[in-house]
Number of protein chains: 2
Amino acid sequence: MLNFEFKNPTKILFGKDQIAALAKEVPAQSKVLLLYGGGSIKKNGVYDQVKKALQQHQLLEFGGIEPNPEYKTLMKAVQLIKQEGIDFLLAVGGGSVIDGTKFISAAAVYPGDNSWDILARGIRTEKGMPFGSVLTLPATGSEMNSGAVINRSEIQEKRTMGGPGLFPVFSILDPQVVQSLPARQIQNGITDAFTHVLEQYLTYPIGALLQDRFAESILQTLVEVGPKVQKDPSDYTAAANFMWCCTMALNGLIQKGVPTDWATHMIAHELTALYGIDHARTLAIIAPNLYRYTFEDKKEKLAQYGERVWNITQGTLEEKAEAAIQKTVDFFHTLEIKTRLSDYTDAYEQTADIVYQRFEERGWKGLGERKKIGPDAARRIVELSY
Amino acid sequence: MLNFEFKNPTKILFGKDQIAALAKEVPAQSKVLLLYGGGSIKKNGVYDQVKKALQQHQLLEFGGIEPNPEYKTLMKAVQLIKQEGIDFLLAVGGGSVIDGTKFISAAAVYPGDNSWDILARGIRTEKGMPFGSVLTLPATGSEMNSGAVINRSEIQEKRTMGGPGLFPVFSILDPQVVQSLPARQIQNGITDAFTHVLEQYLTYPIGALLQDRFAESILQTLVEVGPKVQKDPSDYTAAANFMWCCTMALNGLIQKGVPTDWATHMIAHELTALYGIDHARTLAIIAPNLYRYTFEDKKEKLAQYGERVWNITQGTLEEKAEAAIQKTVDFFHTLEIKTRLSDYTDAYEQTADIVYQRFEERGWKGLGERKKIGPDAARRIVELSY
């Protein structure tokens, strides 16, 4: 096991009708900015529940945060915060709204002249403006971690940010929100969480036995409840387990003491940038082929994953590992997630070369747990994904 | 799944030579009181490492905290803190030293006249004096939770306490401390953590699928590494997994959203009080017989535990559940933990009646997840344990 540090101070309020708890969780004397996205919270009743819970609070609103939150949009919120003397933020939405709120939290207290530096120069935030969240879309885990991904389309940049001061003070997780989600978002959420776990688990054995079993626990639970929640989003037990899995998949716990990969994400981001394919779907396109390409490095963990998650008991280690990759593809298919780039675009033939170029431009030569994934590897993995 | 709240702000620093990190984790300007027990830290080198790391800090010391920390002893530390203007506490030891430090943390800032009220009246501490810990004995989980058990032998009282202000600010877990532990303490630590998990897991199904799998993960890991660490405490991988299991067994995570039992602990405490048997060993005496007594209520989870932790695939649900209890007993035996009261004392014959009386006196009529364990049940369970 590798040495590690772990701290996660976010308070989780989980379960039916927990949104009402906002009344006590949001500081009474604060001036609150409610942040949300495209307005789905007005259709599913969450907006009304939030307003009701906060009827004794001073509350302003800022809607319109995009699915890939835009720097330009978020800076408007920062301006409003400064004008109005806001001192507490409440993100109500999915990962994009919460990610966007993290940037706003950081920028609102940033002492420098140019908030873009937070992203461009990777400035970590030790103490942001305090914020809570009401999660409406289980997927990214942003509700219990301190990281965010922010877009600036005008200059075609997508940047990550974070810091110990960017954990939500609290996050409210009411699984009842799942019942009003479109099937596509549920499919994406399951795939996103599943792949988050694989990025932290499918590397090489390091003797972190408990972390391995925790990772497998999340995968096993997603395998069990994924099809159920997809079939019937009003199945509360399935929705609750799906929601808690998404949070536990990326709140830091399972990555502690182990090597992590994340190369699937880095390659997959390019497919979203190029073709606008949903993030989760790009992960499902790339992950299996990354495992095929790095098979020799990952085969021990792939076989363990096959045995423990997919009950593959027959065959050599290599056969188990190969079968585990196929089971992963099959699982994505049961979620109606297509796993080939050509399922999403006809113009795929130059993609591998473009991704090669992007990796070259950024100097990405050593991604992945073995630091072997550079431009050539990325090109080959994308080719395998056609 | 039941509704729940979860928050655990303790920062964990885990791994080889992490004790050196004290230099940055303990606030530089604070006046620190180093708290410890009987002096084993002076033999195993931990004391020297702590002193070296804190050579730039203002540091006072208070040793002699007992295995079952005594109110009277702890109050002497509180007095010293007030005399000397201490503002940060550092517990270096096992669960008893950390538990004792939690009481001291609470009492040092308690505004009332009589600190005994914290225990006697169950006053929860919202904000104690800040403290960190260096764990030297994996077992209780006190390093990452906010609870404590304090003794006051002069009036034969043993009380629990806690509150959100009693999480350690940080805890340092260096698995290398395991190599100098006596076999008995390792055996006790494994048994303690294993039983902590069972108390939170062996109840009835509630659809908390991920929590079940996390609990099983800890059990499986303890089953795997327990015999290894017992045989060779210098096996770093085994020691590290043992240590992390103990922390995860009682840091709140696996109990969220599920019913919990804890009746084994309540009955077992009486055996320690009567005969001075090690806490962990009393758990091993009581737990299997409590499962036998409450078999009808627990059989679904017992069978699941048998299947997933002990690979019992044959037989009816009842047969699997029975076999799981026997496997638990066998596991304790492999740890050289005896599981019958008569293995520890010849004067056991009145024990069931005494425990009945104690339960009566305290009005304990409805312990356990079904609130069925009262004086009669406790008597019968103890009889089964002779």
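How many residues does the contact take from chain A and from chain B? In this predicted model, the contact takes 39 residues from chain A and 39 residues from chain B.

## The interface between chain A and chain B

The size of an interface is often given as the accessible area lost when the parts come together. Here, chain A and chain B bury about 3,600 Å² between them. Carbon and sulfur atoms account for 60% of that area.

Six salt bridges are found across the interface of chain A and chain B. Residue pairs in polar contact between chain A and chain B, both residues being at pLDDT 80 or more, number 19. On the side of chain A that touches chain B, strand S1 (4-14), helix H8 (209-231) and helix H9 (236-249) of chain A each supply at least two residues. By class, that side of chain A has 20 nonpolar, 12 polar and seven charged residues.

## Strand pairing across the interface

Strand S1 of chain A pairs with strand S1 (residues 4-14) of chain B. The two strands run antiparallel and are joined by seven bridges. One of the residues involved is Phe14(A), whose bridge partner in S1(B) is Phe4(B).

## Lys11 of chain A

Lys11(A) lies in strand S1 of chain A. The side chain of Lys11(A) forms a salt bridge with that of Glu5(B), at 3.5 Å from N to O. Within chain A, a polar contact of 2.9 Å joins the side chains of Lys11(A) and Glu25(A).

Apart from neighbours within four places in sequence, the contacts of Lys11(A) fall in both chains. In chain A they are Lys24(A), Glu25(A), Val169(A), Phe170(A) and Ser171(A). In chain B they are Glu5(B), Phe6(B) and Lys7(B).

## Strand S5 of chain A

How many of the residues of strand S5 (residues 131-135) of chain A are buried? Five of its five residues are, and the strand is mostly covered. In a regular strand the side chains alternate between the two faces of the sheet. In S5(A), Phe131(A), Ser133(A) and Leu135(A) are on one side, with Gly132(A) and Val134(A) on the other. Both faces are covered, and these residues are all buried.

S5(A) runs parallel to strand S4 (residues 88-93) of chain A, to which five bridges join it. S5(A) also runs parallel to strand S8 (residues 170-173) of chain A, here with four bridges. Val134(A) has a bridge partner in each of these strands: Val92(A) in S4(A), and Ile172(A) in S8(A).

## Asn251 of chain B

Asn251(B) is placed in the loop between helix H9 (236-249) and helix H10 (263-275) of chain B. Is Asn251(B) buried or exposed? Its relative accessible area is 6%, so Asn251(B) is buried.

A polar atom of the Asn251(B) side chain lies 3.3 Å from the backbone nitrogen of Leu253(B). Not counting residues up to four places away in sequence, Asn251(B) touches Phe6(B), Asn8(B), Met144(B) and Asn145(B).

## Positive phi in two loop residues

Asp17(A) is not a glycine, yet its phi is positive, at about 60 degrees. The residue lies in the loop between S1 and helix H1 (22-25) of chain A. Asp17(A) counts as exposed because its relative accessibility is 51%, and the cut-off for exposed is over 50%.

In chain B, Glu336(B) also has a positive phi, near 60 degrees, and is likewise a residue other than glycine. Glu336(B) is found in the loop between helix H13 (317-334) and helix H14 (351-362) of chain B. With 54% relative accessibility, Glu336(B) counts as exposed.

## Ala352 of chain A

Ala352(A) is found in helix H14 (residues 351-362) of chain A. Because its relative accessible area is 1%, Ala352(A) is buried. Leaving aside neighbours within four places in sequence, Ala352(A) is in contact with Arg379(A), Val382(A), Glu383(A) and Tyr386(A).

How far apart are Ala352(A) and Arg159(A) in sequence and in space? They are separated by 193 residues in sequence and by 22 Å in space, C-alpha to C-alpha.

Key:
Residues numbered from 1 in each chain as written. Chains lettered and ligands numbered in written order. Predicted model: local features only at pLDDT ≥ 70, side-chain atom pairs only at ≥ 80, totals over all residues. Heavy atoms only, no water. Contact = heavy atoms within 4.5 Å. Buried area = accessible area lost by both parts, 1.4 Å probe. Salt bridge = Lys/Arg side-chain N within 4 Å of Asp/Glu carboxyl O. Polar contact = N/O pair within 3.5 Å; in protein donor to acceptor, adjacent residues only side chain to side chain. Nonpolar A, V, L, I, M, F, W, Y, C, P; charged D, E, K, R; others polar. Pairing = 2+ DSSP bridges. Buried < 20%, exposed > 50% of the residue type's maximum accessible area, 1.4 Å probe, protein only.
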